[in-house]
Amino acid sequence: MADADGKHVFISYVREDSEGVDALCAVLEAAQIPYWRDRSALGPGDAWKVKIREAIRKGALVFLACFSDSSRGKDRSYMNEELTLAAEEFRMMPPGRTWLIPIRFDDGDVPPWDLGAGRMLSDLNYSDLFGPTYTANATRLVTTILRLTGEKRPDSATALAAVEQATHAGRADLLKRLTKEMLLDPARRIELDDLVSHEVQRVMAALSDADRVAGPFGGSNDERVVQVAQEAQDLWSLAQPFCASLQVAARWGTADLIAPWANGLRSFVAAANKIQSGVQPLLEVRHLPGMVGIVTATLAAASSRKWDNVKTLVVDPTVRDRYEQKPLPILDVTDPYKPFATDEVSNTLARAAISGRDPEDALKDFTERRHGKYHTPVAEWLHHIVRPLFLDQWPDQDTYDAEFDRAEVILGVLAQDVVNVRAAADPSGHHWGRSHWYGRSTWRFSHHHGNPVEELTLELSTHGKQWDPLQANLFGGDEGRAQKALSMYGESFLQIARHRW
């Protein structure tokens, strides 16, 4: 809030739009931007017409004119008088100056108010503060205002305040855009780290919430399946903004810049691996944010051939083993099947995501035999939910499908290498098993969509020690280790694929 003598943003609106203006003022206050809001800024006894004229002519660095059906439907209003004064001021300003900014609270037109010299109010760029783009547009508006008031950019508190008010979809889009803007700007590194840390804390608060896993967990089997599926959906909603930011960082960042995201993945996996009392299916579903984050990071980094980033994000991070208290690679602690207690849960979740139905109706598709089960339900769900994060990278579906297959196999081979290294270090000669990172690519191979394992094996045989993953010190930079991991994973891949018909 500001008085009429101070420099401020002037907000013009009709009373019926008070709710929208309240939200706008909350954003301005979070950004520490002074504003003047009609007669609420007047003191007792002030002559309101005189004070408003002074507030517009002497103190307004920016004039925000807010429109909706309510304002358009009024033939007479105080807002019209304010706009008349604003138009007079605007006529005296040099061409090209940004001062008068229309705000839309709905999708109606900006009125064609005459600004002189052939200019109309409807010709000016406006800001839409409604619908799913609200948060992104509000942040752009704040950025513009701060620039006009002498600030080059909003600080981290401003960005965090805008993100905090975002809806689920808007928050992910905004985090992605802010990451693009800040990632390669050294002056904004701390600000970006704060944003990522804030997202990690939001997810961690849910993963550490004892009430979420305590139950009750009763009723029929179908009710329990739906409860776990709904919890999975909620956790993905929380993790999606982090993954949206991670997609940009893994693709465009360098190993020295992406520590905040690597630490986030480590924290998610560690929280899910922590011994805690509660309902087992609800405890296991906590693996979901870390697992989806690993898939997102690998898909983004490997497809961009940023092998250093693959190593930093999904190979190097370790967490404490829940029983032996020794460090274990996160690929060894979690996998695509950890979050899901039963095949019914993963099928329900996949059907709900792909069809847009709620989990209860999606489960009925199976129990009432309206649809068959997926061969690889977890992978189908993953493939579907992370697709929006990569639309800017691969608009065409075929390329996305192929890159998703490749990322699955890369994760599987890296996880197999983790198993092999651990087995080699065990003097007892205990058989440590195989990678658990298998998915959609096994079914697609059985239906003639190619074999990503063979493609990677060919790359290794062609380039040898110069193979890019080895140059990034994956597989310890050891060609023999890479060959062994590819061979063992490939054998299991073929065995699993044979049963996908």
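Among contacts in the chain between residues at least 6 apart in sequence, 72% join residues at least 24 apart, where contact means heavy atoms within 4.5 Å. The model is predicted, so local features need pLDDT of at least 70 and side-chain atom pairs count only at pLDDT 80 or more, whereas totals for chains, interfaces and linings use all residues. Residues are numbered from 1 along each chain as its sequence is written, and side-chain values use heavy atoms, with hydrogens and water left out. The chain has 23 helices and nine strands; helices (H or I, at least four residues) and strands (E, at least two) are DSSP runs, numbered from the N terminus. Of the 501 residues, 52% count as buried, that is, under 20% relative accessible area, with exposed over 50% and partly exposed in between (1.4 Å probe, protein chains only).

**The sheet and strand E1**

- Five strands form an open sheet in the order E2-E1-E3-E4-E7, with parallel pairing; two strands pair if DSSP finds at least two bridges between them.
- E2 and strand E7 (127-128) stand at the edges with a single partner strand each, so one side of each is left without a neighbour in the sheet.
- Helix H1 (residues 18-30) packs on the sheet and touches E1, E2 and E3, its direction making about 160° with that of E2; such angles run from 0 to 180 degrees between N-to-C directions, and axes are lines fitted to C-alpha atoms, for helices over the stretch in contact.
- Helix H4 (residues 78-91) also packs on the sheet, where it touches E1, E3 and strand E4 (100-104); the direction of H4 makes about 135° with that of E3.
- In strand E1 (residues 8-12), five of the five residues are buried, so E1 is largely enclosed by the rest of the structure.
- His8, Phe10 and Ser12 point one way from E1, while Val9 and Ile11 point the other way.
- E1 pairs in the parallel sense with strand E3 (residues 60-67) over five bridges, and Ala65 in E3 is the bridge partner of Ser12.
- With strand E2 (residues 35-37), E1 pairs in the parallel sense over three bridges; Phe10 stands opposite Trp36 and Ile11 opposite Arg37.

**Packing of H10 and H11**

- Helix H10 (residues 221-252) packs against helix H11 (residues 259-273) at an angle of about 140°, and their axes are 10 Å apart.
- H10 and H11 are therefore oblique to each other; angles under 35 degrees count as roughly parallel, over 145 as roughly antiparallel, 65 to 115 as roughly perpendicular and the rest as oblique.
- The crossing of H10 past H11 is left-handed, meaning that the near helix is turned anticlockwise from the far one by less than a right angle.
- Phe242, Ser245, Leu246 and Ala249 in H10 meet Trp261, Gly264, Leu265 and Phe268 in H11.
- By class, this contact has six nonpolar, two polar and no charged residues; Ala, Val, Leu, Ile, Met, Phe, Trp, Tyr, Cys and Pro count as nonpolar, Asp, Glu, Lys and Arg as charged, and the others, Gly among them, as polar.

**Backbone features in loops**

- Gly215 and Pro216 are joined by a cis peptide bond with omega of about 5°, and Pro216 lies in the loop between helix H9 (210-213) and H10.
- Arg305, a residue other than glycine, has a positive phi near 55°.
- Arg305 is in the loop between helix H13 (288-303) and helix H14 (307-315), and is partly exposed with a relative accessible area of 40%.
- Asn473 is not a glycine, yet its phi is positive, about 70°.
- Asn473 is in the loop between helix H22 (468-471) and helix H23 (479-498) and counts as partly exposed at 41% relative accessibility.
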